[in-house]
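Thank you all for coming.

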Amino acid sequence: MHIKTILNRVQNFKSFLYESVYWVEDAAQPTIEARLRPRVNGQAICSCCMRRRPGYDTLPVRRFEFIPIWGIKVFFRYAPRRVNCRTCGVRVEQMPWADGKHQLTQTYAWFLSEWAKRLSWKEVAEAFRTTWGHVIRSVEMAVVWGLDNRDLSNIEAIGIDEIAWKRGHKYLTLVYQIDAGCRRLLWIGQDRKTKTLLRFFWWLGRERSLQLRFICSDMWKPYLRVIAKKAGHAIHVLDRFHIMSGFSKAIDEVRAQEARTLKSEGYEPVLTKTRWLLLKRPENLTDNQEIKLAELLRYNLKSVRSYLLKEEFQFFWSYASPYWAGRFLDKWCTRAMRSKIDPMKKVARQLRRHRPLLLNWFKAKGQYSSGIVEGFNNKAKLTTRKSYGFRTYHAAEIALYHALGALPVPKTAHRFI
Ligand SMILES: [Zn+2]
């Protein structure tokens, strides 16, 4: 069987044919080239308006990289024609295998971008002996196509989240769709200001904003303000993940402070290496950690008392009725305010201030996938942490949409993966 026959089976074009396929002597790496030409009488299509137009001239031969076989590089070779278009002027013709100025065939770009969902970009470049630049451009192409072709109907539940980006206090605002049937990253914005989230609602549009039924977010004030203004009709929930990460921050603060005090007063360092003991859920501790935690709990330390307050608060989430949950919340806040531990008092004050939004959790219970924001948050952090080359906002954006956007892929792209 000839390679030409195989190419005709897997990748054939209506108005073009493979003239010849040959081995390239003297190439730096084993290389095969397939020469393409237009079919007789095949009139060129203007790449601008996509209409058949009379020819103008022919450009020099160009090479377009295709998916390698058996470690052998494969290129299409073709001399693009230019058309004389009534509406667009002199333009390069539309080639069904390539996009504008790209050196890769679309098929190969889709191939690389799909692999970039499973491996890091660097690994993809190494595995297929191509450059990092080709991988990022392929992913970019896939993201642009995916964003253009995704379905934005029936969005009822969204989660608004933020992740720290780069070192220092730079943030990205991420909006996820969290409907049970469709979970994906919808939108990314630089920063976490009022303006940022306003831009999201502007993008979403009025009609789709009115369809929203549930919104979950953390207690970040600019978000709360924008949500109240732009989607006041939806049930706004402060979800478990965000509330509990507020607790973790408070405990971290108490522990760090107390460790310093103990050290300066010359006590043995009971608190060193206890960070995870206090932050992890008890059921996630190892046996060894469990023993250490039991030991630690014998001390009447602020850190320990904060930990116990946090663990006690977990009970809040198990209520079925908002009324009883509210009673529990009030009692808990009173106790926390009496604890004389400032960071915990701060948490209590915050929870009190947002009591109605907190209790909305029980109204919305079971109506959207609540744990999903936490999962997305972890994945987003992981994606940005593989930070080589994500120094620009644009690259981070592309990477996040690619990893979390559940973007559609054209049918033809599936054939090779
Ligand atoms: Zn045209």
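Let me begin with a definition: a residue is called buried when its relative accessible area is under 20%, exposed when that value is over 50%, and partly exposed in between. Please also keep in mind that what you see is a predicted model.

With that cut-off in hand, take V83, which sits in strand β6, residues 81-85. Its relative accessible area is 0%, and V83 therefore counts as buried. If we set aside residues up to four places away in sequence, V83 touches A44, C46, R53, P54, G55, Y56, G89, V90 and R91. To give you a sense of the distances here, V83 and E283 are separated by 200 residues in sequence and by 69 Å in space, from C-alpha to C-alpha.

Is Y22 buried or partly exposed? Its relative accessibility is 25%, so Y22 counts as partly exposed. Leaving out its neighbours within four places in sequence, Y22 is in contact with T31, I32, E33, R35 and R77. A79 lies 57 residues from Y22 in sequence, and their C-alpha atoms are 17 Å apart.

Let me turn now to the helices, and to α15 in particular, which covers residues 372-385. At 1.5 Å a residue, its 14 residues should span 20 Å, and because the C-alpha atoms at its ends are 20 Å apart, the model agrees with that expectation. Which residues of α15 are buried? They are I372, V373, F376, N377, A380, T383 and T384. When we look down the axis of α15, these buried residues fall within an arc of 135°, so they line one face of the helix.

T384 and Y18 are 366 residues apart in sequence, and their C-alpha atoms are 43 Å apart in space.

Next comes α16, which has 12 residues and reaches 16 Å from its first C-alpha to its last, close to the 16 Å expected at 1.5 Å a residue. Here 10 of the 12 residues are buried, so α16 is largely enclosed by the rest of the structure. Those buried residues, among them Y393, E397, Y401 and H402, pack against α2 (106-118), α3 (121-127), α4 (132-149), β9, β10 and α15. Just after α16, A406 takes a positive phi of about 45°.

Finally, consider a pair of helices, α11 (residues 302-313) and α12 (residues 322-338), which pack at an angle of about 175° with their axes 11 Å apart. The two helices are therefore roughly antiparallel to each other. On the α11 side the contact is made by L309, E312 and F313, and on the α12 side by F328, L329, W332, R335 and A336. Sorted by class, this contact has 6 nonpolar residues, 2 charged residues and no polar ones.

Technical notes: Residues are numbered from 1 along each chain as its sequence is written. This is a predicted model: local features need pLDDT of at least 70, side-chain atom pairs count only at pLDDT 80 or more; totals for chains, interfaces and linings use all residues. Side-chain values use heavy atoms; hydrogens and water are left out. Helices (H or I, at least four residues) and strands (E, at least two) are DSSP runs, numbered from the N terminus. The expected span of a helix is 1.5 Å times one less than its number of residues. Buried means under 20% relative accessible area, exposed over 50%, partly exposed in between (1.4 Å probe, protein chains only). The arc is that of the directions from the helix axis to the C-beta atoms. Axes are lines fitted to C-alpha atoms, for helices over the stretch in contact, and angles run from 0 to 180 degrees between N-to-C directions. Angles under 35 degrees count as roughly parallel, over 145 as roughly antiparallel, 65 to 115 as roughly perpendicular and the rest as oblique. Contact means heavy atoms within 4.5 Å. Ala, Val, Leu, Ile, Met, Phe, Trp, Tyr, Cys and Pro count as nonpolar, Asp, Glu, Lys and Arg as charged, and the others, Gly among them, as polar.
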